[in-house]
Amino acid sequence: MWRGQAQFEDTRQHLQKQPVVGQWKPLAPSNRGQELQQPEPSAKDSAGGDENQSVAQLNVSRLRSSSVEIREKGSEFLKEELHRAQKELKLKDEECERLSKVREQLEQELEELTASLFEEAHKMVREANTKQAASEKQLREARGKIDMLQAEVTALKTLVITSTPSSPNRELHPQLQSPSKAVFRKGHGRNKSTSSAGAATAASQGLPVEPVSSEFKEVDSILLAEFQAWKESPTLDKSSSFLERIYQEDVGPCLDFTKHELSELIQAAVEQNTLTIEPVATQALPVVKVSAIECGGPKKCALSGLSRACRHRIKLGDSGNYYYISPSCRARITAVCNFFTYIRYIQQGLVRQDVELMYWEIMRLRKEMSIAKLGFFPSEM
């Protein structure tokens, strides 16, 4: 049973239990046979009957008013209960709406968090792939440099081993060569000494020594001091006075070609040790990679822009561009490469000589650069 109805029933029963003022009792029914024997009511009995009738009417009106009052109270109570139920329902609706909003907000935050996590994961994968590619590239470059250094060390060991007192290696001891070939030698020289120590050793062992030249040498104290200061902490930085002077007097003029932009690229490649010089086949047309771009041609120098027979070409690093060069330009580039190769050997600690001997070797390499920039080059080029 509903709560409002239960309270209404309790109120009605409570009112029924209360005594009614002036309540009258019904008269006992009479028999038909005795109606004739009873006497007629008197005036006093008539007055009493009217009084009883008025009391009965009063009781009926009271009952009616009580029932009306009960109905009104029950109606008000039901209205209050209905209002209270509507209010509770409204509160529950508001709570449901609030919970729905919270759920939508949580779902949106979850979606954003999932998207950000996926984006971060993809970013980490891309960074890992980039680092892996860079590491693989550095590994390939390191292996290439190791192979190059091993080849150079092997070549140096071969030169040292093949030079014996009975059969000296003329490439290792240029002072044993003839005067016409003492200045220019075929190929790229690496760590070659032109000091007089070799001649003294050969003379002490009774070997025939050919005279190098009739010129005399004298040490420049300024240049020697600059070299000694550089050798204490050897570096390829141009800030040192030793290398700054050589750049201004020898390297810069020797690599100053007509094509200035290409000249700067060649100097940078020489400094980074990424320059490649290779011969061009003369019997057939040169075969190069499809991606390579050839500048100049077998009959036109890419550095001077002049029509010359170009038997060599150069490539700068991994660019894939090939440039044909004339013998004169090749001699100038080679002279600079020989100088940088020797100072790199000194920087790496591969040269085990006296300071003065290394100084004279550097002066010889500077002399080669000076001769090459003036246009002189051997016929083998």
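How many salt bridges does the count come to? The count comes to eleven salt bridges, a salt bridge being a side-chain nitrogen of Lys or Arg within 4 Å of a carboxyl oxygen of Asp or Glu.

## Basis of the model

This is a predicted model, in which local features need pLDDT of at least 70, side-chain atom pairs count only at pLDDT 80 or more, and totals for chains, interfaces and linings use all residues. Residues are numbered from 1 along each chain as its sequence is written, and side-chain values use heavy atoms, with hydrogens and water left out.

## Overall layout

The protein has nine helices and four strands. Helices (H or I, at least four residues) and strands (E, at least two) are DSSP runs, numbered from the N terminus. Starting at the N terminus, the order of elements is α-α-α-α-α-α-α-β-β-β-β-α-α.

Of the 381 residues, 27% count as buried. Buried means under 20% relative accessible area, exposed over 50%, and partly exposed in between (1.4 Å probe, protein chains only).

## Salt bridges

Because they are three residues apart in helix α2, about one helical turn separates them. Glu95 is partly exposed at 35% relative accessibility, and Arg98 is partly exposed at 44%.

Glu271 and Lys238 meet in a salt bridge at 3.4 Å, N to O. Glu271 lies in helix α7 and Lys238 in the loop between α5 and α6 (241–254), so this pair ties together parts that are 33 residues apart in sequence. Arg366 and Glu249 also form a salt bridge, at 2.6 Å, N to O. That pair links distant parts of the chain, with Arg366 in helix α9 (residues 355–373) and Glu249 in helix α6, 117 residues apart. Arg366 is buried at 9% relative accessibility, whereas Glu249 is partly exposed at 37%. Both belong to a network of salt bridges that links Glu226, Arg245, Glu249, Asp250 and Arg366.

## A negative patch

On the surface, Glu104, Glu107, Glu109, Glu111 and Glu112 gather in a patch of negative charge. Patches are made of residues with over 30% relative accessible area and no salt bridge; like charges are joined within 9 Å, and nonpolar side chains (Val, Leu, Ile, Met, Phe, Trp, Tyr) within 5 Å. Lys and Arg count as positive and Asp and Glu as negative, while His and the chain ends are not counted. Glu104 lies in helix α2, which covers residues 43–161.

## Cysteines

The disulfide count comes to zero, where a disulfide is a pair of cysteine sulfur atoms within 2.5 Å. Cys254 is in no disulfide, and its nearest cysteine sulfur, that of Cys337, is 9.7 Å away. Cys254 is buried, at 0% relative accessibility.

The sulfur of Cys301 has its closest cysteine sulfur in Cys329, at 3.7 Å, which is too far for a bond. Cys301 is buried, with a relative accessible area of 2%.

## Two further residues

Asn273 has a positive phi of about 60 degrees although it is not a glycine. Most residues other than glycine have a negative phi. Asn273 sits in the loop between α7 (260–272) and β1 (275–279) and is partly exposed, with a relative accessible area of 37%.

Phe227 is in helix α5 (residues 221–232) and is buried, at 0% relative accessibility. Phe227 and Ser240 are 13 residues apart in sequence and 9.5 Å apart in space, C-alpha to C-alpha.

Definitions and conventions
Areas by Shrake-Rupley, 256 points an atom, 1.4 Å probe, with all protein chains shown as cover. Charge placed at Lys NZ, Arg CZ, Asp CG, Glu CD.
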